[in-house]
Amino acid sequence: MSAQRLSWRDPSGFVFRDGQRILRAVVGDSIPTATNLLNADWFQSHIQAGRIPASRWVEYVSAASADGANVRWIEHECLSFPAYPHEISALQLYDAAKLTLALALDALDHDWVLKDASAWNVLFDHGRPVFCDLLSFEPFTPCATWMAYAQFQRCFTIPLLLYKVAHIAPRTWFLLDRECLSPEAARGLLPARAAWTQPGLEAVTLPALLSKRGQRQREASGPRVPAAANAGHAKYVLRATLRRLAGHVDALTPATPKSPWVEYPSSRQHYDSEDLRQKATFVLDALADRAIRSVLDLGCNTGEYSALAADLGKCVVAVDSDDASIQRLYERQRGTSTDISPMVLNIARPPPALGWMNAETASFMERATARFDCVMAFGLIHHLAITERAPLALIVELLQRLTTGSLIVEWVEREDPRFKQLAGPNWLPYQSLTRQSFELLLSECFTLQSSLTLPCGTRTLYRWKLKLIPAA
């Protein structure tokens with residue numbers, strides 16, 4: 001992989017990826033500030049707690065990286081498989097907001113200030129939020145206005161508010177706009193009661209009402225510089241602002257919504273207890289392979305089999321298109337040491353590359369291709385074949401691209417009650433979806449290790465091993 005610049009918006013520096021290394025260029029006058037920050041005990045305590053990636057000064061040379069500027073380089077610990085704001089549940093965004101405010105408050109107590117509050121500063125790794133933008137911190141100067149206030153409202157308060165009152169998943173806004181949602185755009189989506197009570201009043205209604213008037217004032221008077229304030233008074237006001245925002249966010253704590261899939265583990269009538277026992281045993285035996293260290297669980301639902309993998313010491317990325325299921329999974333594992341990274345995405349339409357020239361955030365497929373020792377896909381193949389009309393050959397190609405070794409997969413026959421329910425009146429045309437054709441396609445690129453047809457008779461589990469392709 002060639003070196004690639006990932007960010008460029010901050011004049012203090014930018015982030016570079018070189019292979020598996022994540023490096024941050026710190027430019028000119030910002031070098032002493034970054035040095036003081038890295039040496040600060042309060043900042044190091046957050047690194048030790050895993051809230052900020054481990055970071056250190058390094059020697060690094062790249063002909064295309066510095067544009068001739070005076071720079072020094074910081075290398076950050078590379079996150080395992082980060083989830084971005086457009087790939088997380090509402091509860092994860094809530095935790096990202098709480099982390100941002102907690103860091104801002106602690107920084108203020110130590111004479112630093114957080115100058116921006118973008119949701120993109122917080123990535124999720126191993127199921128935990130990590131604040132990744134070191135240059136967002138700068139020394140405190142007496143000013144009673146938090147410069148990141150409006151950005152925090154757009155990226156956190158407003159999407160959480162719309163989730164609470166209108167059940168719109170926050171991740172959808174981040175696919176449309178890096179800064180998420182303006183008060184003006186959100187105003188028309190709020191019912192009257194939410195618009196005129198907190199936090200909607202402060203985050204949406206008042207800014208929307210004042211926006212035109214404020215614009216006229218700015219055009220008439222030009223840019224205004226915040227007046228200097230007494231340091232103690234400025235800190236008091238800033239601290240009060242941050243605590244008030246924390247209270248607003250707490251009022252928007254997301255509850256896991258109802259969905260047909262979030263209750264699936266307790267309502268699946270097509271499995272009986274013996275089916276489930278044999279399935280769990282088969283999966284555990286397959287995962288016992290010591291060569292499997294990383295697992296991608298496609299269509300994970302609420303993470304039943306992701307948990308089995310994590311309990312065996314595997315690093316698991318668990319993805320599902322149902323927001324409620326991923327939120328339930330995250331809710332159960334949050335605050336534990338369970339190594340599961342929940343992500344909301346539809347593998348049939350995986351998130352694209354985003355940002356300037358699609359170069360700031362890689363697509364899911366770019367990040368996931370040949371990334372996992374094992375891919376698990378239970379009760380998924382027939383969904384892709386029916387709801388997406390995806391040919392079996394393309395489904396097999398997808399699975400092949402994602403794993404570097406093992407595949408643990410479940411085949412559901414046309415006679416299965418869930419297959420019939422999903423297909424509805426289109427059940428008859430799926431006669432070509434046979435277990436034999438699926439096995440034949442898989443055998444072209446995988447070697448069968450073991451299989452088990454469950455007692456129900458309509459579901460078969462497989463463990464396959466990717467064939468080695470001879471070098472050219």
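This is a short walk through the structure, from the whole chain down to single residues.

The model is a predicted one, so to speak of local features a pLDDT of at least 70 is needed, side-chain atom pairs count only at pLDDT 80 or more, and totals for chains, interfaces and linings use all residues. Residues are numbered from 1 along each chain as its sequence is written, and side-chain values use heavy atoms, with hydrogens and water left out.

Let us start with the chain as a whole. It holds 18 helices and 16 strands; helices (H or I, at least four residues) and strands (E, at least two) are DSSP runs, numbered from the N terminus. Along its principal axes, the C-alpha trace spans about 75 × 55 × 35 Å. Of the 472 residues, 52% are buried, where buried means under 20% relative accessible area, exposed over 50%, and partly exposed in between (1.4 Å probe, protein chains only). Contact means heavy atoms within 4.5 Å. Among the contacts with a separation of 6 or more, 70% are between residues 24 or more positions apart.

Next comes the largest pocket, with about 1300 Å³ of space. On a 1 Å grid over the protein atoms alone, a pocket is an open set of points where a 1.4 Å probe fits, with protein on both sides within 12 Å along at least five of seven lines, and lining residues have an atom within 4 Å of a point. Grid points are joined across faces, edges and corners, and the volume is the space filled by probe spheres set on the points. The largest pocket is lined by 45 residues, and L6, V15, Y84, L123 and E360 are the closest to its centre. Strands β2 (13-18) and β3 (21-27) and helix α14 (364-368) each supply at least two lining residues, and β2 gives the most, with four.

A25 and F14 are eleven residues apart in sequence, and their C-alpha atoms are 5.3 Å apart. Beyond its neighbours within four places in sequence, A25 is in contact with residues including V71, W73 and L135.

Further along, helix α13 (residues 323-333) is largely enclosed by the rest of the structure, because nine of its eleven residues are buried. Among them are D323, R328 and Y330. Just after α13, G335 takes a positive phi of about 85°.

The loop between β13 (372-377) and α15 (381-387) holds F378, a buried residue with a relative accessible area of 8%. Leaving out residues up to four places away in sequence, F378 touches K279, Y305 and L461, among others.

Finally, a few backbone details. Most residues other than glycine have a negative phi, and most peptide bonds are trans. Yet H126, not a glycine, has a positive phi of about 55°, and C180 has one near 70°. C180 is buried, with a relative accessible area of 4%. A cis peptide bond, with omega about 5°, joins Q198 and P199.
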